[in-house]
Amino acid sequence: MKSMNTSLTPQAPAIEPAASAATAAPAALTPRSLLKQLQTQFPAFRDFLPLSIGIDKQILALMPELDRKTMRTALGIHTGSLRYLKVMEKAKLRHDLDGTPGAEVTDTHRAHATQVLQDRFKKEAERKKAERDAAAAEEAARVRADKLNQLTAKFSRKG
């Protein structure tokens, strides 16, 4: 009887973690993995089409187990991507999850996409310029050190 008790004890905890892991799986979904899932499931995400206003409600209706914070982060990553912003800049219509055209993209939203792109390109250009300036300063310091070493070597031989 004691052996039956011990055989049941390991099995019960083994089943419980499996059940809790299954319930924790949707919650453990990262925003990037959710975005990849959305891109495989829905043409609007895969093709980087301008998304309808309220697309989050459509997603939650189809996937009620999703964590709202994870979904909103995934949407932020998607709508902030360079490819999405470039499409949004020229877009005329928004699209549902299945790619069906819907409402028009407003001039304000197109202008916002253009502004975000310009800010990003400007920031990237400034970063590259700073890198080039730092590399040039480093090279100048190296050349200066080499010249000092040559002078030190030259004068230390005579002295």
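User: Is the crossing where α4 passes α5 left-handed or right-handed?
Analyst: α4 passes α5 in a right-handed crossing. Right-handed means that the near helix is turned clockwise from the far one by less than a right angle, and left-handed means anticlockwise. Helices here are DSSP runs of H or I with at least four residues, strands are runs of E with at least two, and both are numbered from the N terminus.

User: What am I looking at, and how are residues numbered?
Analyst: This is a predicted model, where local features need pLDDT of at least 70 and side-chain atom pairs count only at pLDDT 80 or more, while totals for chains, interfaces and linings use all residues. Residues are numbered from 1 along each chain as its sequence is written, and side-chain values use heavy atoms, with hydrogens and water left out.

User: Back to α4 and α5. At what angle do the axes cross?
Analyst: At roughly 130 degrees, and the axes come within 11 Å. Axes are lines fitted to C-alpha atoms, for helices over the stretch in contact, and angles run from 0 to 180 degrees between N-to-C directions. α4 and α5 are therefore oblique to each other. The cut-offs are under 35 degrees for roughly parallel, over 145 for roughly antiparallel, 65 to 115 for roughly perpendicular, and oblique for the rest.

User: Which residues meet there?
Analyst: From α4, I55, D56, I59 and L60 meet R68, M71, R72 and L75 of α5. By type, the residues of this contact are 5 nonpolar, no polar and 3 charged. Ala, Val, Leu, Ile, Met, Phe, Trp, Tyr, Cys and Pro count as nonpolar, Asp, Glu, Lys and Arg as charged, and the others, Gly among them, as polar. Contact means heavy atoms within 4.5 Å.

User: Which residues of α4 are buried?
Analyst: I55, D56, I59 and L60. They span an arc of only 135 degrees around the axis, which puts them on the same side of α4. Buried means under 20% relative accessible area, exposed over 50%, and partly exposed in between, with a 1.4 Å probe and protein chains only. The arc is that of the directions from the helix axis to the C-beta atoms.

User: And what do those buried residues pack against?
Analyst: α2, α3, α5 and β1 (93-95). The face turned away from that buried side carries the exposed K57, A61 and L62.

User: New topic, α2. Which residues are buried there?
Analyst: In α2 (residues 31-41), L34, L35 and L38 are buried. Down the axis they fall within an arc of 100 degrees, so they line one face of the helix. R32, K36 and T40, on the other side, are exposed. The cover over the buried residues includes α3 (43-46), α4 (55-62) and α5 (68-79).

User: How do α2 and α5 cross?
Analyst: Their axes come within 8 Å and cross at roughly 70 degrees. That makes α2 roughly perpendicular to α5. The crossing is right-handed. P31, R32, L34, L35 and Q39 of α2 make the contact with T70, M71, T73, A74, I77 and H78 of α5.

User: H78, is that buried or exposed?
Analyst: H78 is buried, with a relative accessible area of 1%. Leaving aside neighbours within four places in sequence, H78 is in contact with L35, Q39, A44, F45, F48, L51 and Y84.

User: What about phi at F48?
Analyst: F48 has a positive phi of about 55 degrees, although F48 is not a glycine. Most residues other than glycine have a negative phi. F48 lies in the loop between α3 and α4, and at 11% relative accessibility F48 counts as buried.
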